Amino acid sequence: MTEETPGFEEKPDVPSGATSEDAGTEAATPSSEEAAAPAGDANETAGLTAQLDQVRTALSERTADLQRLQAEYQNYRRRVERDRVTVKEVAVAGLLSELLPVLDDVGRAREHGELLGGFKSVAESLETVVAKLGLQQFGKEGEPFDPTIHEALMHSYAPDVTETTCVAILQPGYRIGERTIRPARVAVAEPQPGATPAAAKDAKEEQAADEESGGGEEV
């Protein structure tokens, strides 16, 4: 009969050189496959984020290119339209410039009371046509002289003017829009040398009062 030694207990086999603490740690450490899975997901997410950033950058560049092309096209359209209008105005101005002597003859005939019969109808039709083309007549007696639209052919001094004034319209001026085809040819008068503006104004008012009082008298 074999005698059992009192107090002896069997223990699990432990590899040589390893303690019981090492065995517990090894059991708690995850396997290599389990550790690689989260790292792989993070790398995949980073790659997708980088691709998304590249797509967004490319989209921004293409959008900027499209906007630039659209702006260039709009500028091109405006430039073409402006050139078209300019060419039309030049062509119309060239045509109407050739008709100005005829319009001058019509105006002189009207002043002398010779615009009668069929000639009157033709003249009025001509004036209607050139007005539809944008031709405008300008130049009136008494308006201040403006060298940009007036051409002075005669010069004199007058005591009743306070500035250089158009006192007679020798030939009316014509324009199309802002384009002057021919300046108004006028006779101008300047204030008397040495005359003060106040004295010239008083003389003009006195002359106007004399004209009004004289116009009311019976002959």
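A salt bridge is here a side-chain nitrogen of Lys or Arg within 4 Å of a carboxyl oxygen of Asp or Glu. The model is a predicted one, in which local features need pLDDT of at least 70 and side-chain atom pairs count only at pLDDT 80 or more, while totals for chains, interfaces and linings use all residues. Residues are numbered from 1 along each chain as its sequence is written, and side-chain values use heavy atoms, with hydrogens and water left out.

**Stop 1: the charged residues of helix 2**

Select Arg62 and Asp65. These two form a salt bridge whose closest N and O atoms are 3.3 Å apart. Both belong to helix 2, and because they are 3 residues apart there, about one helical turn separates them. Helices (H or I, at least four residues) and strands (E, at least two) are DSSP runs, numbered from the N terminus. Asp65 has a relative accessible area of 23% and is therefore partly exposed; the classes are buried for under 20%, exposed for over 50%, and partly exposed in between (1.4 Å probe, protein chains only).

Glu61 is partly exposed, at 42% relative accessibility. With Arg68 also selected, the view holds a network of salt bridges that links Glu61, Arg62, Asp65 and Arg68. The structure as a whole holds 9 salt bridges.

**Stop 2: a nonpolar patch**

Next, select Tyr73, Tyr76 and Val80, which make a nonpolar surface patch of about 310 Å². Such patches are made of residues with over 30% relative accessible area and no salt bridge; like charges are joined within 9 Å, and nonpolar side chains (Val, Leu, Ile, Met, Phe, Trp, Tyr) within 5 Å. Accessible areas come from the Shrake-Rupley method with a 1.4 Å probe, and for residues only the protein chains shown count as cover. Tyr76 is placed in helix 2, which covers residues 32–111, and its relative accessibility of 45% makes it partly exposed.

**Stop 3: from helix 2 to strand 5**

Which residue does the side chain of Glu89 meet in a salt bridge? Select Arg179: the two side chains meet at 3.7 Å, N to O. Since Glu89 lies in helix 2 and Arg179 in strand 5 (residues 179–182), the pair ties together parts that are 90 residues apart in sequence. Glu89 is partly exposed at a relative accessible area of 32%, and Arg179 is partly exposed at 33%.

Apart from neighbours within four places in sequence, Arg179 is in contact (heavy atoms within 4.5 Å) with Thr86, Glu89, Val90 and Ala93.

**Stop 4**

Is Leu96 buried or exposed? Its relative accessible area is 0%, so Leu96 is buried. Beyond neighbours within four places in sequence, Leu96 is in contact with Val130, Leu133, Leu135, Ile176 and Ile181. Its C-alpha atom is 9.4 Å from that of Tyr174, a residue 78 positions away in sequence.

Continue along helix 2 to Asp104. Asp104 is buried as well, at 8% relative accessibility. Leaving out residues up to four places away in sequence, Asp104 touches Gln171, Pro172, Tyr174 and Arg182.

**Stop 5**

Select Glu124 in helix 3, which spans residues 117–132. Glu124 is partly exposed at 37% relative accessibility, and its C-alpha atom is 9.0 Å from that of Val106, 18 residues away along the chain.

Then select Phe138 and Arg175. Arg175 lies over the face of Phe138, at 4.1 Å from the ring centre. A charge sits over a ring if NZ of Lys or CZ of Arg is within 6 Å of the ring centre and within 35 degrees of the ring normal.

**Final view: the whole chain**

Clear the selection and display the entire chain. It has 4 helices and 6 strands, in the order α-α-α-β-β-β-β-β-β-α along the sequence. Buried residues make up 14% of its 219 residues. The accessible surface comes to about 17000 Å², and 54% of that belongs to carbon and sulfur atoms. Among contacts with a separation of 6 or more, 67% come from residues 24 or more positions apart.
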